Amino acid sequence: MGNTKSGALSKEVLEDLKMHTHYTEEELFKWYENFKKQCPNGKITQMEFEKIYANFFPNSDPKTYARHVFRSFDTNDDGTLDFQEYIIALHLTSSGKTSLKLEWAFSLFDVDRNGEVSKNEVLEIVTAIFKMIPPQEQKNLPEDENTPQKRADKLWAYFKSDDNDKIAEGEFIQGILKNDDIMRLIQYDPKKQA
């Protein structure tokens, strides 16, 4: 994916990232310099990724969620993220287009990678999200979504699916696009919470 042997950002990776993200060449070079300082071998392990995530959520436990995020971005299943995977992850989770974010969200919720999301997978991810919400904020959540099970039930009800049904990617994305409330249920944004 990247030219990790020479320690330089390859032109091919640079052009690909410029085309698929909103980052400028200058920003990508700065990101790459920092990436190489933190990860001299050109790879981030899951444990390192979890530590980075912990910095963003100091008052909660993002480890489980970070593990799922890592899985969803480790596109070549090698147990690490290279610079390209890392930048795509940053882009999609921070500033990507809604449709791309939802494609990523589907891959996050599709824990077993079978191309469908089950209610159990929804509960697993929602539980991981809950661990990131500080206990004080959890107390302020609406009654019908103040536990992982309630939030998963509410989310699943939007899709009008039975407990044993599965949701395909298109249905998942369209369902969320049609209802802003679902978007709020599938994520935790500390800036937007009460």
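Q: Is Gln-84 buried or exposed?
A: Buried means a relative accessible area under 20%. Gln-84 has a relative accessible area of 13%, so this residue is buried. Keep in mind that the model is predicted. Gln-84 belongs to helix H5, which covers residues 83-94.

Q: Which residues of helix H1 are buried?
A: In H1, residues 11-20, the buried ones include Val-13, Leu-14 and Leu-17. These three lie on the same side of H1, because they cover an arc of only 100° around the axis. The face turned away from that buried side carries Lys-11, Glu-12 and Met-19, which are exposed.

Q: How many residues does each domain bring to the contact between domain 1 and domain 2?
A: The chain is divided into domain 1 (13-94) and domain 2 (98-188). Domain 1 gives 18 residues to the contact, and domain 2 gives 18 residues. The C-alpha centres of the two domains are 23 Å apart.

Q: What area do domain 1 and domain 2 bury between them?
A: They bury about 1,600 Å², with 61% of it on carbon and sulfur atoms. On the domain 1 side, Tyr-65, Arg-71 and Leu-92 supply 41% of the area buried against domain 2, more than any other three residues.

Q: Which polar links join the two domains, and how many are there?
A: Between domain 1 and domain 2 there is one salt bridge, along with nine residue pairs in polar contact. Arg-113 and Asp-77 form a salt bridge through their side chains, at 2.4 Å from N to O.

Q: Which helix supplies the largest share of the side of domain 1 that touches domain 2?
A: That helix is H4, with seven residues.

Note on methods
Residues are numbered from 1 along each chain as its sequence is written. This is a predicted model: local features need pLDDT of at least 70, side-chain atom pairs count only at pLDDT 80 or more; totals for chains, interfaces and linings use all residues. Side-chain values use heavy atoms; hydrogens and water are left out. Helices (H or I, at least four residues) and strands (E, at least two) are DSSP runs, numbered from the N terminus. Buried means under 20% relative accessible area, exposed over 50%, partly exposed in between (1.4 Å probe, protein chains only). The arc is that of the directions from the helix axis to the C-beta atoms. Domain bounds come from an automatic or database domain assignment. Contact means heavy atoms within 4.5 Å. Buried area is the accessible area (1.4 Å probe) that two parts lose on being put together, summed over both. A salt bridge is a side-chain nitrogen of Lys or Arg within 4 Å of a carboxyl oxygen of Asp or Glu. A polar contact is a pair of N or O atoms within 3.5 Å; within protein, one must be able to donate a hydrogen and the other to accept it, and residues adjacent in sequence count only if both atoms are side-chain atoms.
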